[in-house]
Amino acid sequence: SGSDGGPPVPAAPGRAQVFAAVVDTFLEKLVTAGSYQRFANCYRCFYRLQPEMTRSIYDQFVSQLQTSIKEEIQDVKDEGNLEVLFNSLDKMVEEAKDHKEPAWRPSGIPEEDVRSAMVPYLLKHRSYLQKVLKEKEEENRRVAESVLAGRDRIAELQQLIQARKLAWQ
Amino acid sequence: MSVNPMAYEAQFFGFTPQTCMLRVYIAFQDYLFEMMLVVETVILKKLDGFPGCKISPCQIRKSTEKFLLFMKEHFDKLFSKMEEVLLQLVLNIPENVLLPEDKVHEQYPYTKEQFQALQDEIQQLQQQYRAEASAGQALQAELEEQKAVQAELEKILQWFDGLDNICREHGTSNFKESFAFLTQNSKKLQDVLKDVEEKSKKIKKHDQLL
């Protein structure tokens, strides 16, 4: 909030950020552990013989290892489209923050789970049937009225014909 | 120890988080070993340039193993920590989060019975509709018949009207009456004829008796 005039509170780091940070930390600590001192200590005889070369080899080793590891992480991110998925998941988490109870999870029984998926279609179908049924009933009512009127008309015609017949006798 | 299969996460990500972590672990480890091998190879090559030195390849191998063992220990520990954080914070779906594709399950939590009731209702509506449809057909059929009958009857009526018109045209407006008069007269005539016949019969009988 800006009401107190203070700087805005930074949003919690997203998954993509945490992922990058965690990998960086891993590398950092690994390189720290595999320090030059440790390396030179292990390769003591060579170090004594060629200290500069030892340093150079170590530097290359560290550099190459970091590069390979970072490339692998990038491959994993690219293959899995992780950047997009992480952001999408962050958004879902944010949207669900007021939803305190545990959400639905697949029961593992497809027949049970597919039920809810079918319900919206069934509801649509039901409301469609109700509509066309009503329309059909309405239509039949009108046609029935016409039929009754038709019967009356026929009776009327028959009476008229009868009257003419009599008049000619 | 119960292992969380992280199936919901797999549904979202398209892979199981643990499998992803394993793949990464193996890849990292391979790079580490590869780099160490390169280091060793380089060092051995450099040594070749020093024919007088007393360092044997065996010593170098021992050095490599020593360093590698050390690295591997730290590597495993650090990776384990990284994996934990990733599985808990990054590659997980919190319990209260529902994937959008699963929204229907929260919107329509139908039990088996409710679902069956809905299906039954739909079936009933279908039957009712079929009944109404065939009733409608029957009504339409009668309507068609009525049309034909009405047309016939109206034709007859028109014929009568035609006769009336003819009478009027020929000035015999009482044609009807005279026709009726005629029919009545012919009836009377027939009655009279009958009478006469009977009377003549009687007379003949009398004559015979006389």
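Predicted model: local features only at pLDDT ≥ 70, side-chain atom pairs only at ≥ 80, totals over all residues.
- Chain A, read from its N terminus, has elements in the order α-α-α-α-α-α.
- Chain A has 169 residues, and 34% of them are buried.
- Chain B has 210 residues, and 29% of those count as buried.

**What the record says about chain B**

- The unreviewed UniProt entry puts the annotation "coiled-coil region" on residues 108-142 and 179-206 of chain B.
- Take residues 108-142 of chain B and look at how they're folded here: the span is 89% helix and 0% strand.
- From one end of residues 108-142 to the other, the C-alpha atoms are 46 Å apart.

- Next, look for B:Asp161 and A:Arg164, another salt-bridged pair, whose closest N and O atoms are 2.4 Å apart. They also cross between chains, with B:Asp161 in helix H5 of chain B and A:Arg164 in helix H6 of chain A.
- Check how open this second pair is: B:Asp161 has 32% relative accessibility and counts as partly exposed, while A:Arg164 has 21% and counts as partly exposed too.
- There's also a salt-bridge network that links A:Glu72, A:Glu79 and B:Arg23.

**A salt bridge inside one helix**

- In chain B, the side chains of B:Asp76 and B:Lys72 meet in a salt bridge, at 3.0 Å from N to O.
- Why are these two about one helical turn apart? Because B:Asp76 and B:Lys72 are four residues apart in helix H3 (residues 57-90) of chain B.
- B:Asp76 is partly exposed, with a relative accessibility of 28%.

- The negative patch is made by B:Asp191, B:Asp195, B:Glu197 and B:Glu198.
- To get your bearings there, go to B:Glu198 in helix H6 (residues 175-209) of chain B. B:Glu198 is partly exposed, with a relative accessible area of 45%.
- The positive patch draws on both chains, being formed by A:Arg38, A:Arg44, A:Arg48 and B:Lys66.
- One of its members, A:Arg44, belongs to helix H3 (residues 44-49) of chain A. At 39% relative accessibility, A:Arg44 is partly exposed.

**Two residues with a positive phi**

- A:Asn81 isn't a glycine, yet its phi is positive, at about 50°. You'll find A:Asn81 in the loop between helix H4 (51-80) and helix H5 (82-95) of chain A.
- B:Met6 is another non-glycine residue with a positive phi, near 50°. B:Met6 lies in the segment before helix H1 (7-13) of chain B.
- Which of these counts as partly exposed, and which as buried? A:Asn81 is partly exposed, with 43% relative accessibility, whereas B:Met6 is buried, with a relative accessible area of 6%.
- The cut-off explains the label on B:Met6: buried means under 20% relative accessible area, so a residue at 6% falls on the buried side.

Notes:
Residues numbered from 1 in each chain as written. Chains lettered and ligands numbered in written order. Heavy atoms only, no water. UniProt positions renumbered as here; feature names shortened; annotations may be inferred. Patch = residues over 30% accessible without salt bridge, like charges linked within 9 Å, V, L, I, M, F, W, Y side chains within 5 Å. Areas by Shrake-Rupley, 256 points an atom, 1.4 Å probe, with all protein chains shown as cover. Salt bridge = Lys/Arg side-chain N within 4 Å of Asp/Glu carboxyl O. Lys, Arg positive; Asp, Glu negative; His and termini not counted. Charge placed at Lys NZ, Arg CZ, Asp CG, Glu CD. Buried < 20%, exposed > 50% of the residue type's maximum accessible area, 1.4 Å probe, protein only.
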